[in-house]
Amino acid sequence: MRSNPSLKSWYRKINKKFFDNQLTNNVCVRWANDEDDGEVARCEEKFFGWVDKSSDGRHEYVIVLSKKLCGPKSTRLLTLSHEMCHLASDLRDDHGPVFEQWRQYIGDRGIFKKGALVRGLTIF
């Protein structure tokens, strides 16, 4: 599976600016698609995005965003940032204290301020 070039570019920008490049670059960042089946297909109906260990043999992780639910750029970037917090916590504690520490960390670095990622856009 290949990353969507635009989503991967945003991943790299967010990683550099708000996570101090602490996250792995060995991650596939893509849209959910018609080739997804089973649990992945069901997730697109319920969730904005998710992250998991990759099973493609090339990537360490995969972040998948729902095209149906992440239409607006603000939603897309917020969801990607959220999933990156899960990645930063090594998928350990869902939305617990480690996840919250990372969410606070990127918040303190200004990710939720208007224009932090796109001029004139607020992601939260």
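Me: What share of the contacts in the chain with a separation of 6 or more comes from residues 24 or more positions apart, and what makes something a contact?

Reply: Contact means heavy atoms within 4.5 Å, and of the contacts in the chain with a separation of 6 or more, 59% are between residues 24 or more positions apart. This is a predicted model, in which local features need pLDDT of at least 70 and side-chain atom pairs count only at pLDDT 80 or more, while totals for chains, interfaces and linings use all residues. Residues are numbered from 1 along each chain as its sequence is written, and side-chain values use heavy atoms, with hydrogens and water left out.

Me: How many helices and strands does the chain have, and what makes a run of residues count as one?

Reply: Helices are DSSP runs of H or I with at least four residues, and strands are DSSP runs of E with at least two, both numbered from the N terminus. The chain has 4 helices and 3 strands, in the order α-β-α-β-β-α-α from the N terminus on.

Me: Why is Cys 28 called buried?

Reply: Buried means under 20% relative accessible area, exposed means over 50%, and partly exposed lies in between, with a 1.4 Å probe and protein chains only. The relative accessibility of Cys 28 is 1%, so this residue counts as buried, and Cys 85, also at 1%, is therefore buried too. Of the 124 residues of the chain, 40% count as buried.

Me: What makes a group of residues a nonpolar core, and which residues have the most contacts inside the largest one?

Reply: The term stands for a set of buried Ala, Val, Leu, Ile, Met, Phe, Trp, Tyr and Cys residues joined through side-chain atoms within 4.5 Å. The largest such core has 28 residues, and Tyr 11, Phe 19, Ile 63 and Leu 80 have the most contacts inside it. Two or more residues each come from helix 1 (5-18), strand 1 (27-31), strand 3 (61-65), helix 3 (73-88) and helix 4 (97-108), with the largest share, 6 residues, coming from helix 3. Leaving aside neighbours within four places in sequence, Leu 80 is in contact with residues including Leu 7, Trp 10, Val 29 and Ile 63.

Me: How do you know which way the residues of strand 1 point, and what makes strand 1 and strand 3 a pair?

Reply: In a regular strand the side chains alternate between the two faces of the sheet. In strand 1, Val 27, Val 29 and Trp 31 point one way, whereas Cys 28 and Arg 30 point the other way, and all are buried. Two strands pair if DSSP finds at least two bridges between them; strand 1 and strand 3, which run parallel, are joined by 5 bridges, so they meet that definition. Arg 30 stands opposite Val 64 in strand 3.

Me: Why are Asp 20 and Arg 109 called a salt bridge?

Reply: A salt bridge is a side-chain nitrogen of Lys or Arg within 4 Å of a carboxyl oxygen of Asp or Glu. The closest N and O atoms of Asp 20 and Arg 109 are 2.9 Å apart, so the pair qualifies. It links distant parts of the chain, with Asp 20 in the loop between helix 1 and strand 1 and Arg 109 in the segment after helix 4, 89 residues apart. At 37% relative accessibility Asp 20 counts as partly exposed, as does Arg 109 at 38%.

Me: How many salt bridges does the structure hold, and what makes Lys 53 and Asp 90 one of them?

Reply: The structure holds 3 salt bridges. Lys 53 and Asp 90 meet at 3.9 Å, N to O, and this distance is within the 4 Å limit, so the pair counts. Arg 103 and Glu 100 also meet in a salt bridge, at 2.5 Å, N to O; being 3 residues apart in helix 4, they are therefore separated by about one helical turn.

Me: Why does Glu 83 have no salt bridge?

Reply: Lys and Arg count as positive and Asp and Glu as negative, with His and the chain ends not counted. For Glu 83, which is buried, the nearest side chain of opposite charge is Arg 30, 13 Å away, and this is not within 4 Å, so no salt bridge is counted. Glu 83 lies in helix 3.
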